[in-house]
Each structure stands twice: as C-alpha cells, then as structure tokens.
Amino acid sequence: MKRILRRLANPIFWFGKNQEIIKRFISFLSSILYLDCPRTVDKLFREKFIPVKSRLPLFFQPLFLLERLSPWLFFQSMRIGVNLFSGRFIAGNGSAAVLKTIKNYRRRGFLINLDILGESI
C-alpha cells in the first residue's frame, strides 16, 4: 500500500512515459512559481494542456472545469500542488527543518547532497 501511495504522490508517474506531457507539466509547474495572477496561471494552463487534453490522465480532466469556473480556486489548488511536488526536492525552510530531513534520510540509508540556494540567507 505504501508503495502505491508513493507512486500516486509522484506527478511524473501520472503521465507514464509520455515525455511531451512530462515536459509540459514541469514547464507549467516551474512557471507558476513566479506568477501571482490567477488569470495568468489559467491562461498558461490552457496553453500547455489543451493541445494534449485527450492524452492526460482521467483525474486531470476536472482541472479544465475548475479553471473555467473559478480561476482563483484553480490558482490556489495549483499553488498547493506545487508545494506538494516541490516537497520531494526541498529539504525545508530553516536549519532545524533541514537537519531533521537529513537525519530522516540518513537513518534510511540515503546519501545526502545539500545545495544551499541562498534565497533567504
């Protein structure tokens, strides 16, 4: 069960091996990090995914309805999604959170590569 949940939590798994859709998805996610206008995110979503709508997973389809009904709610849900997705790659904010994450991975036998990006130093 844990393995299935881990796979479902990985957005790249959702698209199988379709490289075009994966590229569109990653491009969309990295772009919305810098956008703060719901209408702009809505427009970007349509540009990226309308051309491949028929090849997207079934659970992706309600997003097309949401972006039409409420751009603000769509924008907020995309922000939450980005935070969930990026959590796999960002150890935390602040020393205590980062150290806790590192200890957790070390206990599980992982080697750690830490990059300090400097946004808040």
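In this predicted model, the side chains of Arg24 and Glu20 meet in a salt bridge, with 3.2 Å from N to O. Both residues belong to helix H3, which spans residues 19-32, and they are four residues apart, or about one turn of that helix. Glu20 has a relative accessible area of 35% and is therefore classed as partly exposed, since that class lies between the 20% limit for buried and the 50% limit for exposed residues.

Glu20 also forms a salt bridge with Arg55, where the closest N and O atoms are 3.1 Å apart. This pair links distant parts of the chain, because Arg55 sits in the loop between H4 and H5 whereas Glu20 sits in helix H3, 35 residues apart. Arg55 is itself partly exposed, with a relative accessible area of 43%.

A further salt bridge joins the side chains of Asp42 and Arg46, at 2.6 Å from N to O. These two residues are four residues apart in helix H4, so that about one helical turn separates them.

| Salt bridge | N to O distance |
|---|---|
| Arg24 and Glu20 | 3.2 Å |
| Arg55 and Glu20 | 3.1 Å |
| Asp42 and Arg46 | 2.6 Å |

How do helices H4 and H5 pack, and at what angle? Helix H4, residues 38-49, and helix H5, residues 62-69, pack at an angle of about 150°, and their axes are 10 Å apart. H4 passes H5 in a left-handed crossing. On the H4 side the contact is made by Asp42, Phe45, Arg46 and Phe49, and on the H5 side by Leu63, Phe64 and Glu67. Sorted by class, this contact has four nonpolar and three charged residues, and no polar ones. Asp42 and Arg46, which meet in the salt bridge described above, are thus both among the residues of H4 that make the contact with H5.

Which residues of H5 are buried? They are Leu63, Phe64 and Glu67, and because they cover an arc of only 105° around the axis, they lie on the same side of H5. On the other side of H5, Pro62, Leu65, Arg68 and Leu69 are exposed. Leu63, Phe64 and Glu67, the buried residues of H5, are also the residues that H5 contributes to the contact with H4.

Taken as a whole, the protein chain has seven helices and zero strands, and along the sequence its pattern reads α-α-α-α-α-α-α. Of the 121 residues in the protein chain, 24% are buried. Among contacts between residues at least 6 apart in sequence, 46% join residues at least 24 apart.

Note on methods:
Residues are numbered from 1 along each chain as its sequence is written. This is a predicted model: local features need pLDDT of at least 70, side-chain atom pairs count only at pLDDT 80 or more; totals for chains, interfaces and linings use all residues. Side-chain values use heavy atoms; hydrogens and water are left out. Axes are lines fitted to C-alpha atoms, for helices over the stretch in contact, and angles run from 0 to 180 degrees between N-to-C directions. A crossing is left-handed if the near helix is turned anticlockwise from the far one by less than a right angle, and right-handed if clockwise. Contact means heavy atoms within 4.5 Å. Ala, Val, Leu, Ile, Met, Phe, Trp, Tyr, Cys and Pro count as nonpolar, Asp, Glu, Lys and Arg as charged, and the others, Gly among them, as polar. A salt bridge is a side-chain nitrogen of Lys or Arg within 4 Å of a carboxyl oxygen of Asp or Glu. Buried means under 20% relative accessible area, exposed over 50%, partly exposed in between (1.4 Å probe, protein chains only). The arc is that of the directions from the helix axis to the C-beta atoms.
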